Amino acid sequence: MVRIRGLVKRFAGREVLSGIDLDVPAGSVMCIIGPSGSGKSTLLSCINHLERIDGGRLWVGGELVGYREYKGRLYELPERQIAGMRQKVGMVFQHFNLFPHMTALQNIIEAPIRVKGEPAATAKRRAMALLERVGLAAKHASFPAQLSGGEQQRVAIARALAMEPQLMLFDEPTSALDPELVGEVLAVMKDLARSGMTMVVVTHELAFAREVGDELTFMDAGLVVERGRPRDVLAAPQEARTRDFLSRVL
């Protein structure tokens, strides 16, 4: 589903991704861990072309993301084409980014109606089904300010799913939550994984990575330092930098 080769990204001349190579098979869950500033969130933003790349190639579903290639050079696509490609990728951020003046239901139906031209009745039926799936059907008329952080994040997940993506990206989706609310969000993500959704999850929830992840990637200083089965990497990391990081967080 995701193929990355030689991915480079710079900010103000500083290289924050230094030749990343990754593959995420369809239906799998890749969890990414690493210290702050290691490039994890930037990598997700490049997958969704929220950030332009400075080198390498990135494909989602076999399609080059954000660019067309001609005679070995990349040319950025028009914004309309990029927006069409983004519909295939759902993204959930640390902060929920819900529209505060819209109810949970309205937040979910906004993009399917406005972007995809879906009939309102169809969008509402699917939105209610998604709210049921994340355990919030009874809160469909609530505004974000009336919801807990965990409930808002579950609405944000439902909103991303409403576009029927092929791939879901999660950027530390529980880091802004009180500890007692983390479990309800992780439960929804586990259900998604069981359903076969391809997921790339930047997380500090190592128990989730161990239980749900098919592969664990440790990043540091813009590089992939170590990859492997989550249980193997967490129990017996091969790289000294991975061992040092895990000794501080486990």
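Tutor: Happy to! A nonpolar core is a set of buried Ala, Val, Leu, Ile, Met, Phe, Trp, Tyr and Cys residues joined through side-chain atoms within 4.5 Å. Buried means under 20% relative accessible area, exposed over 50%, and partly exposed in between, with a 1.4 Å probe and protein chains only. Please keep in mind that this is a predicted model, where local features need pLDDT of at least 70 and side-chain atom pairs count only at pLDDT 80 or more, while totals for chains, interfaces and linings use all residues. Residues are numbered from 1 along each chain as its sequence is written, and side-chain values use heavy atoms, with hydrogens and water left out.

Now to the part you asked about. The largest nonpolar core has 48 residues, and those touching the most other members are Ile-157, Met-168, Phe-170, Met-189 and Met-199. Helix H6 (residues 179-194) supplies the largest share of this core, 8 residues. Helices (H or I, at least four residues) and strands (E, at least two) are DSSP runs, numbered from the N terminus.

Let us stop at Met-189. Setting aside neighbours within four places in sequence, Met-189 is in contact (heavy atoms within 4.5 Å) with Ile-157, Phe-170, Pro-173, Met-199, Val-201 and Phe-208. There is also a second, separate core of 30 residues, which includes Leu-17, Ile-53, Ile-82 and Leu-167.

Two glutamates come next. Glu-164 sits in the loop between helix H5 (149-161) and strand S9 (167-171), and its phi is near 55°, a positive value in a residue other than glycine. Glu-172 belongs to the loop between S9 and H6. Its phi, too, is positive, at about 45°, although Glu-172 is not a glycine. Is Glu-172 buried or exposed? It counts as buried, because its relative accessibility is 18%.

Ala-26 and Met-168 are 142 residues apart in sequence, yet their C-alpha atoms are 11 Å apart in space. Ala-26 is found in the loop between strand S2 (14-24) and strand S3 (29-33). With a relative accessibility of 58%, Ala-26 counts as exposed. Beyond its neighbours within four places in sequence, Ala-26 is in contact with Met-1 and Thr-198.

What about aromatic rings? The structure holds 1 aromatic pair. The ring centres of Phe-218 and Phe-245 are 5.1 Å apart and the planes are at 35°, so the pair is tilted. Rings of Phe, Tyr and Trp (its six-membered ring) pair if their centres lie within 6.5 Å; planes under 30 degrees apart count as stacked, over 60 as edge-to-face and the rest as tilted. This pair links distant parts of the chain, with Phe-218 in strand S11 (residues 215-220) and Phe-245 in helix H9 (residues 240-249), 27 residues apart. Both Phe-218 and Phe-245 are buried.

Finally, let us step back to the whole protein. The protein has 9 helices and 12 strands. Of its 250 residues, 52% are buried. Among contacts between residues at least 6 apart in sequence, 63% join residues at least 24 apart. Along its principal axes, the C-alpha trace spans about 50 × 45 × 30 Å.
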